[in-house]
Amino acid sequence: MNRNLELKLLDELVELKEGKQPYLDEAWVKPTTGKYFDEDHFEAERKHVFRRQPVIALHASELGEAGAYRTLEMAGRPLLIVRGEDGAVRAFYNVCRHRGAQLVGGGQGCSKRFSCPYHAWTWNNQGDLVGVPHEKTGFPDLRREEFGLTQVACAEYAGFIWVCQHGSAPRGLNIAEHLGPIATELKLLGAEGMRIFASDSWEFNANWKLIIEGGLEAYHFRVAHRDTIAPLFLDNLSSYQCFGNHIRSVLPRSHLGELSGKSRQDWDIRAYTNLLYTLFPSTQFLVQEDHIAWIQVEPLAAGKTRLRLSTLAPAADQVPARENYWRSNHNLTVRTLGEDFAIGEGIQKGFCSGANSHLNYGRFEGALARFNEAVSNHLPA
Ligand code: FES
Ligand SMILES: [Fe+2]
């Protein structure tokens, strides 16, 4: 982040804190509740958002060497992501081109070849068909070049592997363009030089947007997180800025007040705030002083979401004494998210009661409205 911007963001929050004011939108918003539980609405989101937008699949270190592969499901479709012998990462549908069996089971591994468990058609890790049992008799004149694995657009950018199921240009995915003005800031986070210290994933019974929204306001910290992170942050103070569909929020830590007594050259945004990048549609990076909590949500149904939390620590910093520090940070995020899940599942149940036809986003919850507008803008009218 450039220095002028860093000081401007800190100035804004110091001024609000001193004036005992929250960061306010013009007006409060009353969205309808249907978008959280209606299955048709969910299917529209999956089709028009999750199958069209670039979405982060993996951290680059998860496919560290040639031949490394992972299978996963994104937007309801089975994918196989592989690092080829040429070092490039490719994504394919994990679907055999003979009669459609799931080509690779077992989650992850390292392989030069993928052989279908049904009749053993075989592909190399660049997706080329290299073996067909009884080919000459069963499939005379088969042109192998027409039966490569079906490719999905994929790119490696800022330390992550991104996939986009839309479009026909597997190699032409431009993530810098997708991120727009926030691309440079993300590059500067240095995730390329980080490792996944720990990663956990859960399925919970609530709409995916509820989890993203949980990070977009600090109004609930003092109440819902009183036993975990509340003492670390100021009550109900966070600012935000939109970059197209993406949002950068700044969450001031409880010692922000010290800045007024410090020389401006010692003002450091990562020491006095947490930055939260919400990358449309389903990624959040909570950037802390020396590490990043990466939250990735995968919508499974209107009322069901898979969430993966990974703590990214500097790859070079593997001093044994630091392991306890990363572990306690990871565990604190797990406990905090657990508090959010319990509330999210309660909210989801409440939708079905019909008690509320609308929700209320207060003037200090403006980032929720912006995020939901970005989703709506991608859906047919
Ligand atoms: S379905 Fe895969 S080889 Fe037949
Ligand atoms: Fe929360």
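## Cysteines

C110 counts as partly exposed because its relative accessibility is 46%, where buried means under 20% relative accessible area, exposed over 50% and partly exposed in between, for a 1.4 Å probe and protein chains only. The model is a predicted one, in which local features need pLDDT of at least 70 and side-chain atom pairs count only at pLDDT 80 or more, while totals for chains, interfaces and linings use all residues. Residues are numbered from 1 along each chain as its sequence is written, chains are lettered from A and ligands numbered from 1 in the order in which they are written, and side-chain values use heavy atoms, with hydrogens and water left out.

With a disulfide taken as a pair of cysteine sulfur atoms within 2.5 Å, the count comes to 0 disulfides. C110 is accordingly in no disulfide, and the nearest cysteine sulfur to it, that of C154, is 16 Å away. C96, with a relative accessibility of 4%, counts as buried.

H225 lies in the loop between α8 (221-224) and β12 (239-243), whereas D340 belongs to helix α10 (residues 320-353), so the pair ties together parts that are 115 residues apart in sequence. Helices (H or I, at least four residues) and strands (E, at least two) are DSSP runs, numbered from the N terminus. H225 counts as buried at 1% relative accessibility, and D340 counts as buried at 18%.

## Nonpolar cores

The largest nonpolar core holds 42 residues, of which F160, W162, L179, L186, L256, Y277 and F285 touch the most other members. Such a core is a set of buried Ala, Val, Leu, Ile, Met, Phe, Trp, Tyr and Cys residues joined through side-chain atoms within 4.5 Å. Helix α1 (residues 3-18) supplies the largest share of this core, 7 residues. The core draws at least three residues from each of domain 1 (3-52 + 192-377) and domain 2 (55-172), the bounds coming from an automatic or database domain assignment. Another core, of 40 residues, lies apart from it, with L216, I229, A302 and L379 among its members.

Strand β4 (residues 89-93) is mostly covered, as 5 of its 5 residues are buried. V89, A91 and Y93 on one side and R90 and F92 on the other are all buried, which leaves both faces of β4 covered. Two strands pair if DSSP finds at least two bridges between them. Strand β3 (residues 77-83) and β4 run antiparallel and are joined by 5 bridges, with R83 standing opposite V89. The hairpin of β3 and β4 has 5 residues between the strands, and in it G87 takes a positive phi near 90 degrees. β4 also pairs with strand β9 (residues 151-157) in the antiparallel sense, over 2 bridges, and F92 has Q151 of β9 as its bridge partner.

β12 pairs with strand β13 (residues 246-252), again antiparallel, over 5 bridges, and Q241 stands opposite R248 in β13. Their hairpin has 2 residues between the strands, and G244 there takes a positive phi near 60 degrees.

## Backbone exceptions

The peptide bond from F280 to P281 is cis, with omega near 0 degrees, and P281 is found in the loop between β14 (273-279) and β15 (283-287).

Positive phi values also occur in residues other than glycine, including D141, whose phi is near 65 degrees, and A158, whose phi is near 55 degrees. D141 lies in the loop between α4 (135-138) and β9 and counts as exposed at 75% relative accessibility. A158 is placed in the loop between β9 and β10 (160-164) and, at 5% relative accessibility, counts as buried.
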